[in-house]
Amino acid sequence: MRKPLSSAGTPLTETLSPSIPLDQIGQTLASIYDDLVSEGVPEHLAALVRRVRQSEAEPAAPHPAQPAATEAVAQRLALVVEDDPQIRALAETLLEETELDVVGCDSAEAALAVLQARGGDVALVFADVRLAGEMDGLQLARAVATLWPRARLVVTSGHGIRRPDLPSEAVFIAKPWRPFDVLVEAERATTDPAPPVI
């Protein structure tokens, strides 16, 4: 496969750095769109890939009141995706003790909306397998691994399964999870180097 080139003519994979949000490098991700569709990816995931491509084609203009040189660094996020409000609140409270800002969602669709808006800022996605809405946590995990590979992906379930069919880079923690295990994954999300974008 031919590597996408930057405006300087060098392969994009050689010009990317962890400080560039993934939603600004949609062209790299969009190069796999046709492969995803041919592999039978559900239409709602294919539509998400199309939106990522479109957002790359329409770069946002800089805010006039904020010069580019003094732009504030966005806070890294932990995304908790859990349809049980009590478990979601527990995970949110736990992750608020870390340096990550925490956003809670009850469905994969809500999580994808956050990822579309701030995907480059998301350091950790902590998701249950069973969720409200049409998508489950396994479908969400595949979307995150494909479109936002720099986010650490932790999937959990309390339904007696060992490790479901997850992307290889995802971590699986069975319920009831221990707070220590969640905090370890949050620490890894903020300290371990992000995987390169291929």
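Contact here means heavy atoms within 4.5 Å of each other, while helices (H or I, at least four residues) and strands (E, at least two) are DSSP runs numbered from the N terminus. The model is a predicted one, so local features need pLDDT of at least 70 and side-chain atom pairs count only at pLDDT 80 or more, whereas totals for chains, interfaces and linings use all residues. Residue numbers start from 1 along each chain as its sequence is written, and side-chain values use heavy atoms, with hydrogens and water left out.

To start with the sheet: five strands make up an open sheet in the order β2-β1-β3-β4-β5, with parallel pairing (two strands pair if DSSP finds at least two bridges between them). Its edges are β2 (101-105) and β5 (171-174), each of which pairs on one side only. From one strand to the next the twist averages 20°. At the β5 end, β4 (residues 152-157) pairs with β5 in the parallel sense over 4 bridges, and V154 has V171 in β5 as its bridge partner.

Next come the helices lying across the strands. Angles are taken between N-to-C directions and run from 0 to 180 degrees, with axes fitted as lines to C-alpha atoms, for helices over the stretch in contact. Helix α6 (residues 108-118) lies across β1 (77-81), β2 and β3 (122-128), at about 165° to β1. Helix α7 (residues 137-147) lies across β1, β3 and β4, and runs at about 170° to β4.

Helix α5 (residues 85-95) has R88, A91, L94 and L95 buried (buried is under 20% relative accessible area, exposed over 50%, partly exposed in between, with a 1.4 Å probe and protein chains only). Seen down the axis of α5, these buried residues fall within an arc of 130°, so they line one face of the helix; the arc is that of the directions from the helix axis to the C-beta atoms. Their cover includes β1, β2, β3 and α8 (179-191). On the face turned away from the buried side sit the exposed P85, Q86 and L90. At the start of α5, a side-chain oxygen of D84 comes to within 2.9 Å of the backbone nitrogen of Q86.

Finally, the structure holds 1 aromatic pair. The ring centres of F126 and W177 are 5.5 Å apart and the planes stand at 80°, so the pair is edge-to-face (Phe, Tyr and Trp rings, the last by its six-membered ring, pair if their centres lie within 6.5 Å; planes under 30 degrees apart count as stacked, over 60 as edge-to-face and the rest as tilted). The pair links distant parts of the chain, 51 residues apart: F126 belongs to β3, and W177 to the loop between β5 and α8. Both F126 and W177 are buried.

Technical notes:
Polar contact = N/O pair within 3.5 Å; in protein donor to acceptor, adjacent residues only side chain to side chain.
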